[in-house]
Amino acid sequence: MSDYQNTLQYAQQQDQADPLRPFRDRFLIPHKAGQPQEGLPLTYLCGNSLGLQPVAAREALSRELDIWQNHGVEGWFEGEEPWLYYHRYCKEPLARVVGALPSEVCPMNNLTVNLHLMLTSFYRPTAERFKVLTIASDFPSDQYALETHVRARGYDPDEVLVEVRPRAGEYTLRMEDILQAIDAHADSLALVVMSGLHYYTGQVLDMPAITQHAHQYDIPVGFDLAHAVGNYPVQLHDWQVDFAVWCSYKYLNSGPGGASGIFVHEKHHQAHLPRLAGWWGYQEERRFEMTKGFVPMAGADGWQVSTPTILSLAVHRASLAIFEEAGMKELRAKSERVTGYLVYILREINHTYGNPVTIMTPANANERGCQLSLLVEERGKALFDELVRNGIIGDWREPNCIRLAPTPLYNTFEEVWRVGQVLDHFYSQI
Ligand SMILES: *Cc1c(COP(=O)(O)O)cnc(C)c1O
């Protein structure tokens, strides 16, 4: 860590020595509106919101469009890779990204829908145990899903939802507070569910510790991995997590509204858990017999409901192939270094200009992914606008938060160095 230097030469040397550097060319990097494609590309630090388009996406889509054009409905059954089995083509690479068995994962639907489906199976309240432990200020969609889900099941969200929040004056959650909340409510908890990597602060929770702790009391545990998948390495199978959901359009670069994914641990595959079913979860070999009485497919596939969105899965598959090639371990190694470099650059700015920027994201690299969340109390929006004027795309959260996410697949040390240059210029003018 200590070898970081705040010079262009250093940053360029790091990029030259970076074994993952060629992967940047697999992505289409946007340019400033009105600028020629040959012009300087934008510094895109917004993969936490929408990952960039893989070059391979267009060809993958084109292929399925050709099959549709030339074969119509037969595309479901014919050719080397019939659409009927399309989810299978994604399972192995997806399983490797989340540390699961292929039978434990399935790409399908969209994220919030899948969260509801998993809650249907894993929230099984009884007279004594009916509460759900979660975290305060989780992503709004997750909050709405929990609130409306428990209400639809006949419960009052105010009585059911137990929210752990950061302590006064702190930005991130303390693990001890989460574990203590589990202890305190153990007798009445039916489920623990929360984001594994917080969208706003960038904090990674100790998912194996939470899981182990809740399991002592036989409480099932699920994680929303929207911001973790493809960003922070997880081992869902080994950690014994009961279920997980994620989306593919953030770090997995599978396109706007791209297919979500679910994980259901193997230990639940024989359990005939309650579920909301549809024909696509019905036993594959007998699906078209159209008989009465639902019989699920084995494993996570049995939670499928509807006809899969083949075009979206085609892009997802093309994108997952890049993860296969790069490897999560290698991606994470680079990610720690690039984000560490951004931390170093920001500390230099803080040192020179009297701490204008607070990094809310934990300082410990094990407790964060690639994203840093910056609290800029004074002139935050002006700073954000200055970054944008200089072609640096992060995202802005009212009233004073800038999130920057250098992703290891397509961002460079040089880009991070440029962020520092813009900040330096901005604060030197004040
Ligand atoms: C991005 C995100 C969502 C979005 O859900 P969709 O159903 O895909 O719109 C939900 N939850 C979290 C934690 C997210 O980060």
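The model is predicted: local features need pLDDT of at least 70, side-chain atom pairs count only at pLDDT 80 or more, and totals for chains, interfaces and linings use all residues. Residues are numbered from 1 along each chain as its sequence is written, and side-chain values use heavy atoms, without hydrogens or water.

The protein chain is divided into domain 1 (8–48 + 327–428) and domain 2 (60–326), with bounds from an automatic or database domain assignment. Their centres, taken over C-alpha atoms, are 29 Å apart. Domain 1 gives 31 residues to the contact and domain 2 gives 23, where contact means heavy atoms within 4.5 Å. One salt bridge is found across this interface; the term stands for a side-chain nitrogen of Lys or Arg within 4 Å of a carboxyl oxygen of Asp or Glu. The side chains of Glu325 and Arg26 form a salt bridge at 2.5 Å, N to O.

His213 lies in helix 8 (residues 207–215); helices are DSSP runs of H or I with at least four residues, numbered from the N terminus. Beyond its neighbours within four places in sequence, His213 touches Leu179, Ile182 and Asp183. The His213 side chain reaches the backbone oxygen of Leu179 at 3.4 Å. Leu179 and Ile182 are among the buried residues of helix 7 (residues 175–185), and the buried residues of that helix pack against helix 8, among other elements.

Terms used:
Helix = DSSP H or I, 4+ residues; strand = E, 2+ residues; numbered from the N terminus. Polar contact = N/O pair within 3.5 Å; in protein donor to acceptor, adjacent residues only side chain to side chain. Buried < 20%, exposed > 50% of the residue type's maximum accessible area, 1.4 Å probe, protein only.
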